Amino acid sequence: MTPLHPSLSESASRPSADELLAGLWQRLVSMQAAQRVRLPDYAQRMDDLARLRVALRDRLDAFADAAHADFGQRSRHETLLADGMTVLSEIDHTRAHLREWMRPERVPTSAMHWPGRNEVRKLPLGVVGVLSPWNYPVNLALIPLVGAIGAGNHVLLKPSEHVPRTAALLKDLIASVFPSERADVVLGDASVAQAFASLPFDHLFFTGSTDVGRKVMAAAAANLVPVTLELGGKSPAFVSRNCDLEEAARRIAQGKCFNGGQTCIAADYLLVEGDRIEELVAALKRSVAAYFPQGSKAPDLTSMVSVAQFERLRTWLAEAKAAGARLVEIGPGDAARRVLPLTVVIDAPEDTEVMRSELFGPVLPLVRVADAAAAIDYVNARPHPLALYLFERDARRIEEFLARTTVGSAAINDTLVQFAQRGLPFGGVGASGLGQYHGRYSFETFSRRLPIFRQPAAFGTTRFARPPYRRLADWLVRLTVR
């Protein structure tokens, strides 16, 4: 497996790959041994989650400061809302429903096997590995952890090295709540992530890019480790000719500017029906001006996380412009702080990077489409997206879009907020992901279903179908095969 972040430089003092793997392997073995001694019961899981909630709540300001330092500039409110509130809400939801989720399910018994009875129990998988990204470093590390702990697993977490201060705080947070054999955090660079992905976990949960997801899945396959992949891709938004354009612009701009556009479910491009592009650009300008009245000095602007990410998008924009696209900057920017202005790209050729690759930043291509049918065809001609946004008033056309496209999630007349719904599953399809989580769906992802059939000792239907087979066996066959 190639390094997950090959751009990082090698260090002469770095442990060898074998040494890294051996150290991580020993951590995993100790966690597996601890779970064999005692599975966390309902009371233990509830207590773990309650203490995690208190510890996180008490560190929210510290996490906001750490994220600000890691990004160069990050909106404090965005950290508190997207990284703090979402995790606290997930903990509350899990604790409120955990007893119900853990309860064994009675399922129907085949009539031929009465009076036996069936049940399904939900048991922990074992030790879960979580590889989390840098863009929402608390949310995307702890929401999977909450689900795994709620399901009774032990967890080994590897946060992204691109947000080192936040990762260190995560390690401190987990150590303050859990003994190391129940939950632990591994810090380190790409070589550590590479070794981590190759461990024989009972389940591996990864959030990140599609390209890296392929490498993680390949590494896990060597040990037949089941994986959940929360990836990304190019998520479209359809702007109908009959929508409220001003309100659509407000919600699109809000979603695209949030976290500096570094959101896997942000609208990656707009499919604009009819001749509304100029009108939409003007509405987007008004929205962005209202959101950031202080211009480039606005405290709610978030920087690109690194120089490499900032320069990547600037290179792609230059390529699009050279290929004949029109660029319109509609937001404030500050190159010294890696704040890229929200930039609309009009008429970019399909072979440019802004049209081919996930943008993961405040760049927004606009594509003209004649009607909804053309927009559906455009979406279906590309890999399945993680999210679909429809700004549309016509219920029939909304249903047509939902029925004829394959997407990970959808929101009607809004963006991003489907992620925050605890009652909805979240995940992608194909190139945008594998598996779902959040709320009950996290519990199910991190649980093993054990089917159990109970037969009364004094009676059993199998006594009527034992060799040597005679007329009764023939009758039973005729009863079922007809």
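Keep in mind that the model is predicted.

Let's start with helix 2. Its 17 residues should span 24 Å at 1.5 Å a residue. The end C-alpha atoms are 25 Å apart, which agrees. Which residues of helix 2 are buried? They are Gln44, Arg45, Met46, Asp48, Leu49, Leu52, Ala55 and Leu56.

Helix 6 comes next. It runs over residues 164-177, which makes 14 residues. Buried here are Thr166, Ala167, Leu169, Leu170, Leu173, Ile174 and Val177. Where do they lie around the axis of helix 6? Seen down that axis, the buried residues fall within an arc of 160°, so they line one face of the helix. An α-helix has 3.6 residues a turn, so residues three or four places apart point the same way. And the cover? It includes helix 2 (42-58), helix 3 (60-71), helix 5 (139-150) and strand 5 (183-185).

Let's zoom in on one residue, Thr166. It sits in helix 6. Is Thr166 buried or exposed? Its relative accessibility is 1%, and buried means under 20%, so Thr166 counts as buried. Leave aside residues up to four places away in sequence. Thr166 then touches Phe63, Ala66, Ala67, Asp70, Pro137 and Val138.

Six of them form an open sheet, in the order 5-4-3-6-7-15. The pairing is mixed. Which strands stand at the edges? Strand 5 and strand 15 (433-434) do. Each has a single partner strand, so one side of each is left without a neighbour in the sheet.

On to strand 12, residues 363-369. Six of its seven residues are buried, so the rest of the structure largely encloses it. Strand 12 pairs with strand 9 (residues 267-273) in the parallel sense, over four bridges. There, Glu273 stands opposite Val369 of strand 12. Strand 12 also pairs with strand 11 (residues 343-346), again parallel and over four bridges. In that pairing, Thr343 has Val363 as its bridge partner.

Last topic: aromatic rings. How many aromatic pairs does a search of the whole structure find? Eleven. Take Phe419 and Phe426. Their ring centres are 4.8 Å apart and their planes stand at 75°, so the pair is edge-to-face. The cut-off for that label is over 60 degrees. Both Phe419 and Phe426 are buried. They also belong to one aromatic cluster, together with Phe205, Tyr437 and Phe446.

The charged end of Arg312 sits over the ring of Trp316, 4.7 Å from the ring centre. The charged end of Arg382 sits over the ring of Tyr378, at 3.5 Å from the centre.

To recap one point: helix 6 keeps its buried residues on one face. Thr166 is one of those buried residues. That's the tour.

Conventions
Residues are numbered from 1 along each chain as its sequence is written. This is a predicted model: local features need pLDDT of at least 70, side-chain atom pairs count only at pLDDT 80 or more; totals for chains, interfaces and linings use all residues. Side-chain values use heavy atoms; hydrogens and water are left out. Rings of Phe, Tyr and Trp (its six-membered ring) pair if their centres lie within 6.5 Å; planes under 30 degrees apart count as stacked, over 60 as edge-to-face and the rest as tilted. Buried means under 20% relative accessible area, exposed over 50%, partly exposed in between (1.4 Å probe, protein chains only). A charge sits over a ring if NZ of Lys or CZ of Arg is within 6 Å of the ring centre and within 35 degrees of the ring normal. Helices (H or I, at least four residues) and strands (E, at least two) are DSSP runs, numbered from the N terminus. The expected span of a helix is 1.5 Å times one less than its number of residues. The arc is that of the directions from the helix axis to the C-beta atoms. Contact means heavy atoms within 4.5 Å. Two strands pair if DSSP finds at least two bridges between them.
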